[in-house]
Amino acid sequence: MLESFKAHPNYKPRDFMTEVKKNHKVEISYYTAWHAYHLCNEKILGSYEEGYSLLPALCDQILKENTTNIAKLTTDPLTKKFKSLCVAYRVSLDGFVKSAIPILGLDGCHLSGKYGGTLLAITCLDGNNGIFPISIYLCESECKEEWINFLSILVEELKAHPKALNFISDRQKGLIEGVSVNFSDVNHFHRYCFKHLYKNFKKLHPGKNLEFMTWRAARSFSEVGHKIWMDRLKEAKESAPAWFDREPVETWARAYFDRSSKYEHVTSNFCEAFNSWILDLRRMPVCKLVQKFHLLMMRIFYDREQVGKKTSFMKIKVTHGMCYFDLLFL
C-alpha cells in the first residue's frame, strides 16, 4: 500500500481495506489496515517513537534561533516520558501585542498519529480578520490542568496587550477555569461561541423558526434589536428565552459585547479554520509536526508581508504637469 498511500495522502484505514479487497480479493480486518496505515506513515514521515526522543534537541534549536521564543518541554519526573510541549514564536507574540485584535480563540483538536494526543491552540485575528496563530500546546488530553498549564506559560506575554483581553471558546473541559485562574488580576472578558451554545439549546427547542430568531438575537448590533427578537422568540415558545437566562447576556449576544476589542463575531469559527489549516500535520510524528508548523508560520507571515507591500505602496505619476496617485491593489 506504500505507493498508493504516497499517491493518496488522505487515505484512511478504511480506504486500505477497500483497495486490498478490490485489487487482491482479500478482506482484511480494520486493525490490520490501521497497522499498515501507520507503517506507511512511518516510512514517509519517520518513526513516531524517534519523534519524541528528538524533542529536546528541537527545543534547543528553537531557542538558539531566538532566545525569546518559547519552547517548553515537560516530562514525567519518574518515567521521563513526554507530558507536554508548548511552542510560541517571538514574531507571533510581538505581532499580537502590537497590531492584532485582542480576541483570543481557545480550542483543541485530536491528533491522529500512532499515539494519539491533543493539540491545544491559542489563535487570534489580525487587523484584516485573518487567523493569527499565537501558540500550540501538545499534550495527552484536553482537561482543566492542561489548560491551566498552557495559559500559565503565556500569561505574561498575553497581558502585555494594551487593551482588555477577550477570550472566546466552546467552554469545554476546563477552559473557563484555565482563564479565570491565570487572568484573574487583569481586565478580561470571556465570550461563548454561540454555535456551540445553540447546539445545546436546540436539543430542547428544535425547529427552523426558533433557530432563525435565536441567531438574529445573538447577532443584533443594538440592544433594542436584541430585545425585539427575544420577544418574538418568547411568542413562538414561551420557555425558550428562559433557557438563555442561565448565561450572562454579555457572553453571547453581540449587542452587549465589550466595545474595546471591536470584534463582532459571535462564533469561534476562526479556531475551526486553524484546526483545518493544520489538518495534515495532525497525523505526523510530534517532532515533524512542530517542524511543519514552523514552515506554515513562515509561509503565512511571508505571504502577508507581500500583501502588505502591494496594498500600501503608493506610486506618484506625473503626466502633462498633473500629479495623481496610482494605488496598487491586488
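**Pockets, rings and a bent helix**

Guide: In this predicted model, the lining of the largest pocket comprises, by class, 11 nonpolar, 4 polar and 8 charged residues. The second largest pocket is lined by 8 nonpolar, 4 polar and 1 charged residues.

Visitor: What makes up the lining of the largest pocket, and which residues lie nearest its centre?
Guide: There are 23 lining residues, and Tyr52, Phe82, Tyr115, Cys139 and Glu140 lie nearest the centre. Two or more lining residues come from each of α4 (48–53), β2 (82–88), β5 (131–139) and α14 (286–312), with α4 giving the most, 3 residues. The space in this pocket is about 490 Å³.

Visitor: How much space lies in the second largest pocket, and which element supplies the largest share of its lining?
Guide: The second largest pocket holds about 270 Å³; 13 residues line it, and Glu65, Asn69, Tyr89, His294 and Met298 are the closest to its centre. The largest share of that lining, 6 residues, is supplied by α14.

Visitor: Why is the pair of Phe194 and Phe244 called stacked?
Guide: Their ring centres are 6.0 Å apart, and a pair requires centres within 6.5 Å; their planes stand at 15°, and planes under 30 degrees apart count as stacked, so the pair is stacked. A search of the whole structure finds 24 aromatic pairs.

Visitor: What does the pair of Phe194 and Phe244 tie together?
Guide: Because Phe194 lies in helix α9 (residues 194–204) and Phe244 in helix α12 (residues 240–244), the pair ties together parts that are 50 residues apart in sequence. Both rings also belong to one aromatic cluster, whose members include Tyr198, Phe201, Trp215, Trp243 and Trp252.

Visitor: How do you know whether Phe194 and Phe244 are buried or exposed?
Guide: Buried means under 20% relative accessible area; Phe194 has 0% and Phe244 has 3%, so Phe194 counts as buried and so does Phe244.

Visitor: What makes you say that a charge sits over the ring of Phe221?
Guide: The charged end of Arg254 is 4.1 Å from the centre of the Phe221 ring, against a limit of within 6 Å, besides a condition on the angle to the ring normal. The charged end of Arg232 likewise sits over the ring of Trp229, 4.6 Å from its centre.

Visitor: Where does helix α7 bend, and by how much?
Guide: Helix α7 (residues 144–159) bends by about 45° at Ile153. Among the buried residues of α7 are Trp147, Phe150, Leu151, Leu154 and Leu158.

Methods: Residues are numbered from 1 along each chain as its sequence is written. This is a predicted model: local features need pLDDT of at least 70, side-chain atom pairs count only at pLDDT 80 or more; totals for chains, interfaces and linings use all residues. Side-chain values use heavy atoms; hydrogens and water are left out. The bend at a residue is the angle between axes fitted to the seven residues ending there and the seven starting there. Helices (H or I, at least four residues) and strands (E, at least two) are DSSP runs, numbered from the N terminus. Buried means under 20% relative accessible area, exposed over 50%, partly exposed in between (1.4 Å probe, protein chains only). On a 1 Å grid over the protein atoms alone, a cavity is a set of points where a 1.4 Å probe fits but cannot get out, and a pocket is an open set with protein on both sides within 12 Å along at least five of seven lines; lining residues have an atom within 4 Å of a point. Grid points are joined across faces, edges and corners, and a volume is the space filled by probe spheres set on the points. Ala, Val, Leu, Ile, Met, Phe, Trp, Tyr, Cys and Pro count as nonpolar, Asp, Glu, Lys and Arg as charged, and the others, Gly among them, as polar. Rings of Phe, Tyr and Trp (its six-membered ring) pair if their centres lie within 6.5 Å; planes under 30 degrees apart count as stacked, over 60 as edge-to-face and the rest as tilted. A charge sits over a ring if NZ of Lys or CZ of Arg is within 6 Å of the ring centre and within 35 degrees of the ring normal.
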